[in-house]
Amino acid sequence: MTLTEVWHGYMSVLRDVAPITAAAVRPPRSLADRRAAEDSTAPWTEELREFYSLHDGVELPGISDRTIGTVLPDLELYGFDAILAAHRSSRESLHDIDDLGLDWPEVIRGQLAGESANRFLDSYVPFAQYADGDFLYVDTRQGEYRGCIREFGWEASDESGPLFSSLTRYIESVRRSVESGTEHSSLTPTIEDGALIWSVDRSSRDVEPQPGPALLHVPFPVVDFAPSEVEPTDEFLDLETVRRNVVEFAISQYPNSIIGPATAVYQRVPRRRGVNVNFFVPIDSESKMFLTIATGVADDVLIHEVPSEGFQLVHERGLSAAQRTAVVSR
């Protein structure tokens with residue numbers, strides 16, 4: 001199905017179940033306005049152009065107006081004015097993290113869509129915003145994941161990988177959620193006085209016992225690494241090799257899922273036994289963490305998916321009882 005078909009299908013569902021929310025969707029702007037918006041941001045994908053040929057975001061309610069809900073899961077769907085404002089303000093705010101290195105601008109220029117730059121790039125086009133200011137954007141850079149949907153956070157910047165491979169897949173997933181009443185992005189769609197409201201469903205979670213951290217036995221101590229601890233004599237892991245291995249491992253665990261590119265927390269990791277570097281891998285619509293531990297031999301690593309309850313690492317040789325365990329949380 002095309003994006004236009006998917007969007008019209010969702011609007012049909014929305015008009016039936018949440019007419020107040022559906023009525024808030026504004027008609028598209030003129031072609032000249034759409035071209036001006038693209039000229040002010042970055043070259044758009046064909047899909048993004050198609051998306052904004054269908055609407056111009058939503059009409060925001062006034063202070064005294066009744067709740068109109070949100071078309072997307074607890075997100076304000078941007079019109080052109082909001083796109084330009086978000087893009088402009090984000091370009092003016094750097095999101096530096098520790099140890100980017102002097103060659104980082106050159107690294108960014110060589111990146112493909114879906115990879116983390118640890119800051120906002122001109123090629124990111126915001127299209128929907130959460131109440132806390134974080135937003136979803138389309139990554140318009142070149143590569144296999146051009147046009148993917150990602151989240152930008154004011155603390156984590158663009159560290160998470162692709163959430164959805166395209167706007168079409170994203171809108172279709174929202175339609176299915178609204179139509180079936182099932183969760184999307186940890187939120188449940190509900191209808192209140194003709195408005196679509198997304199809320200956290202705590203009905204079953206409050207009574208469920210909270211599991212403790214899973215035990216993970218490791219053959220040597222695991223060292224939490226910080227970039228400031230790099231030594232002049234250190235050799236470094238080839239993170240591209242490790243990244244490929246992490247993706248292959250994720251594919252083996254989720255063979256029927258959409259696997260995005262793995263994103264490392266740090267850009268340089270010493271080739272020391274026990275040093276760990278966490279990778280985030282988007283699997284379908286959820287970003288999962290993979291604990292990746294250097295063995296000290298070439299670029300060989302141990303890879304384990306981190307469960308939601310975290311790991312309890314257990315090393316059974318060479319440590320005292322007091323040193324044997326450490327909790328690694330998500």
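Tyr52 is buried, its relative accessible area being 0%; here buried means under 20% relative accessible area, exposed over 50% and partly exposed in between, with a 1.4 Å probe and protein chains only. The model is predicted, so local features need pLDDT of at least 70 and side-chain atom pairs count only at pLDDT 80 or more, while totals for chains, interfaces and linings use all residues. Residues are numbered from 1 along each chain as its sequence is written, and side-chain values use heavy atoms, with hydrogens and water left out.

A search of the whole structure finds 18 aromatic pairs, where rings of Phe, Tyr and Trp (its six-membered ring) pair if their centres lie within 6.5 Å, and planes under 30 degrees apart count as stacked, over 60 as edge-to-face and the rest as tilted. The ring centres of Tyr52 and Phe80 are 5.4 Å apart with planes at 35°, so this pair is tilted. Tyr52 lies in helix 4 and Phe80 in helix 5, so the pair links distant parts of the chain, 28 residues apart; helices (H or I, at least four residues) and strands (E, at least two) are DSSP runs, numbered from the N terminus. Phe80 is also buried, at 2%. Both belong to one aromatic cluster, which includes Trp7, Trp44 and Phe127.

Turning to helix 5, its buried residues are Phe80, Ile83, Ala86, His87 and Ser90. Seen down the helix axis, they fall within an arc of 130° and so line one face, the arc being that of the directions from the axis to the C-beta atoms.
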